[in-house]
Amino acid sequence: MPRSSPFQPVADAPSAMGEGLGLSQLAGVLRRSWRWIVIPTALVTIGAIAFVQVVSPRYTGEAKILLESRDTSFTRSAQERGEQVQPIDEQAVASQVQVVMSRDLAREAIRRLSLAGNAEFDPSVAGLGPLQRALMMIGLAKNPMERPPEERMLETYFDRLTVFPAGKSRILTVEFRSKDPHLAAQAANTIAELYIASLDAARTDTARYASTWLGGNIETLRTRVGEAEAKVEAYRARNGLIATGGAAGQPLGAQQLGELSTQLSQARTAKADLAGRAKLIKEMIKDGRAFEIPDVANNEIIRRTVEQRITLRNQLALESRTLLPAHPRIKELTAQISDLDAQIKATAERVVRTLENDARIAEARVESLSAAVDAQRDVVSKGNVSEVQLRALEREAKAQREQLESYLSRYREASARDAESATPADARVVSRAITPETPSFPKKLPIIVLAAVLGLLFSIGGVIGHHLLRDPDGSGRRRRTQEETDALPEGQPTVSGPFAFPEASLALARHAEAPAAEDPRPAASPAPFRAPVPPKPAAEYEAGRRRSPARGGQPADPYDLDQLIGRLRSGATPAMGAGRTVLIIETLAPRGEGAGLAVSLGGTLAARDSAVVVDLNGPACAEDAYGLTDLVAGEAAFLDVIQSIPGSRLHAIPRGFLDAAILAEEPQALAITLDALAQAYDWVVCRLGTPQTRLAREILAAAGPQMGSVVIASDREPEDVDLVDLYGLAEASGAGQILVAQDRAAGVRAPARPDFDDAEAMPLRLSAA
């Protein structure tokens, strides 16, 4: 009984393969499809080389413009001198880029450069093509000749012009491309000059417009100012609010009120002064000190009287030393002194009366002035109501006057800037374009390298895309159709892929339907594999072989499979839990209708145990089928490559669509695959045909270490050089045991080679005899 299901290792394959295309698989896919990568890349590279050699070169002229404020303190107004100049930001730089690419500037540049009639820019030089004429006839295109010459060349002009800011700086780079290097440099410089001239013209136009507008408004303002001032004076005169030159231009009533108030204050002061002086003199007269009164003392008569009094008092004092008070002389002097004192007192009293009179006069003046002030106050209070309206009229007139003065100042400044080049433009050329010596297009080496890289990338992408289209889910499996699933016999494993052994499957199917006594093998077929003997137990097979003579006197099978199976069972012991692996090297094509030793042996082994026949270097499968090479390359799973043959328990794995060289290039992957099959099957029979080729020998060296036995199917003599060489290769590959099998029709040859030391090492000769 089989040790395990033949599909046990396959159960884990979808999980490993369903994750998509891995790096190892990608490398294998690209390596196997190198022709589809190298050839398109080479063609693209050759095309790029031809392109850069054929295309007309173009030259680029480059000019640089610096955006900065060039106003000085002499060109700015008095108000602008106190303001800080605002820096030019990124939005302003981007706006100036659009200004350089404006259509008006483009038309002027086209006229300045005389591009009309230049075949590179003017489409009218080459004339209208037949396709364009046809489009014009059906109304899908307009006649370009109906537009002005500059308009026809704008599209080409803008295609050749590139303006961009240099990084985050305020420098504009102007590039112009042309087939003529001189024209490229001239165009870049001309565009830069026209741009700066447009800025100058814009500032001049602004100043001219300002001066014109201010001039027209100044005349209007002058008229309005005159009317406002006339209204002020008329209202002032009508309401008695006439102002004189004094008192800060106050109205006459207010000025009069102020003067009366001043006089009233003075009168009150004089009155108080006179009253005080009179009172003081009275007190001094009362105290007998009239002669100390300043007004009395300053009187000439009183001064002489005082002097006489002093003289008399001196005489009195002198006489009193010798005379008594009753003496007439003493009495006379005393009487004279008393008379003088009376005179002084009388004089002081007159001064008092004078001061009192002056005080009364001052009081009367105060009363009259108070009445005048009260009257004038009424007049002023009545005039204040009218003065409110007067002040409103004055404010209006003042505002009109200030506006007029402002307009006059700005008009003078605008008139000064109205002249040409009065104010510099906010830009200047910092680098003029020079005639380029090397073309800017095409850059031969970069274009060739870029084309080669793109061709390589697209080729790789095409190969990967083709692989993914063949394998959409990335699992490496081809989906089985429902018809293929329904066509399989009941109880057979459902594996996908067409049969790579059509003759063998057909023979086994016929054998299952034919009587046992009949020969189950089909007629001769040109296919490389002959129909295998139907699987039977060993005893039945031997009995049937003896009972059923073959057609033409040939035995039922060309090989003695019982003896071969016995030697294989007694050969190298497989690893624990693994099946036996056998490599069949077929050096000759099967005779007659035979299916070859590998298929015959696999069919016999499948009668008892689970067996699979693996083709290593047979014919390639169709493009939509998978086999061993696809499995080793990682593009297919076990379920995709294992095929069940109807009417038999034998399974088969064809070579695959990919080249068999991958088996020699990936020995580790091949070893893993064979080991997985050995874990699932009791017998793994590998077939290696046409061993004379170099590829077959490399596959033998890669698969030999995994083989428990190697069977060489050959009818040559033991001393044959090719046979000895093949035996040596099989022995050097590291296989467990090496056998040589001969078909029955070849007869018995020399039993042994003289080169082998003992019988155990002697190759086995299996024949019908």
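Residues count as partly exposed when their relative accessible area falls between the buried class, under 20%, and the exposed class, over 50%. Arginine 208, at 32%, is therefore partly exposed. Keep in mind that this is a predicted model. The protein has 25 helices and twelve strands, and buried residues make up 39% of its 769 residues. Among contacts with a separation of 6 or more, 79% come from residues 24 or more positions apart.

**The four-stranded sheet**

- Let's start with the layout: four strands make an open sheet, ordered β2-β3-β1-β4, and the pairing is antiparallel.
- β2 and β4 (427-431) sit at the edges with a single partner strand each, so one side of each has no neighbour in the sheet.
- From one strand to the next, the twist averages 25°.
- Strand β1 (residues 59-67) pairs with β3 in the antiparallel sense, over eight bridges.
- Strand β2 (residues 161-165) also pairs with β3 (residues 171-178) in the antiparallel sense, here over five bridges.
- Glutamate 175 in β3 is a handy landmark: threonine 162 stands opposite this residue, and glutamate 62 has it as bridge partner.
- The β2 and β3 hairpin has five residues between the strands, and glycine 167 there takes a positive phi near 65°.

**What packs on the sheet, and what follows β3**

- Helix α5 (residues 90-100) packs on the sheet and touches β1, β2 and β3.
- The direction of α5 makes about 30° with that of β3.
- Helix α8 (residues 149-160) lies across β2 and β3, and runs at about 120° to β3.
- Aspartate 180 is found in the loop between β3 and α9.
- With a relative accessibility of 35%, aspartate 180 counts as partly exposed.
- Aspartate 180 and proline 57 are 123 residues apart in sequence, yet their C-alpha atoms are 9.1 Å apart in space.

**The α18 and α19 pair**

- To describe two packed helices, you give the angle between their axes and the distance between the axes.
- For helix α18 (residues 561-569) and helix α19 (residues 597-605), the axes come within 11 Å and cross at roughly 75°.
- On the α18 side, the contact is made by Leu561, Leu564, Ile565 and Leu568.
- On the α19 side, Leu597, Ser600, Leu601, Thr604 and Leu605 make the contact.
- Sorted by type, the contact residues of α18 with α19 are seven nonpolar, two polar and no charged.

**Salt bridges**

- Side chains of opposite charge can pair when their charged atoms come close.
- The count here comes to 21 salt bridges, taking a side-chain nitrogen of Lys or Arg within 4 Å of a carboxyl oxygen of Asp or Glu.
- One of them joins the side chains of glutamate 68 and arginine 428, at 2.4 Å from N to O.
- Glutamate 68 lies in the loop between β1 and α4 (78-81) and arginine 428 in strand β4, so this pair ties together parts 360 residues apart in sequence.
- Glutamate 68 is partly exposed, with a relative accessible area of 23%, and arginine 428 is partly exposed too, at 34%.
- Aspartate 205 and arginine 208 meet through their side chains in a salt bridge of 3.4 Å, N to O.
- Both aspartate 205 and arginine 208 lie in helix α9 (residues 181-238), three residues apart, which is about one turn of the helix.
- Aspartate 205 counts as partly exposed, at 44% relative accessibility.
- Glutamate 332 and arginine 329 form a salt bridge through their side chains, at 3.4 Å from N to O.
- About one helical turn separates glutamate 332 and arginine 329, because they are three residues apart in helix α13 (residues 328-417).
- Glutamate 332 is partly exposed, with a relative accessible area of 38%, while arginine 329 counts as partly exposed at 30% relative accessibility.
- There is also a network: Arg103, Asp104, Arg107 and Glu151 are joined into one by salt bridges that share partners.

Notes. Residues numbered from 1 in each chain as written. Predicted model: local features only at pLDDT ≥ 70, side-chain atom pairs only at ≥ 80, totals over all residues. Heavy atoms only, no water. Pairing = 2+ DSSP bridges. Helix = DSSP H or I, 4+ residues; strand = E, 2+ residues; numbered from the N terminus. Axes fitted to C-alpha atoms, helices over the stretch in contact; angles between N-to-C directions. Contact = heavy atoms within 4.5 Å. Nonpolar A, V, L, I, M, F, W, Y, C, P; charged D, E, K, R; others polar. Buried < 20%, exposed > 50% of the residue type's maximum accessible area, 1.4 Å probe, protein only.
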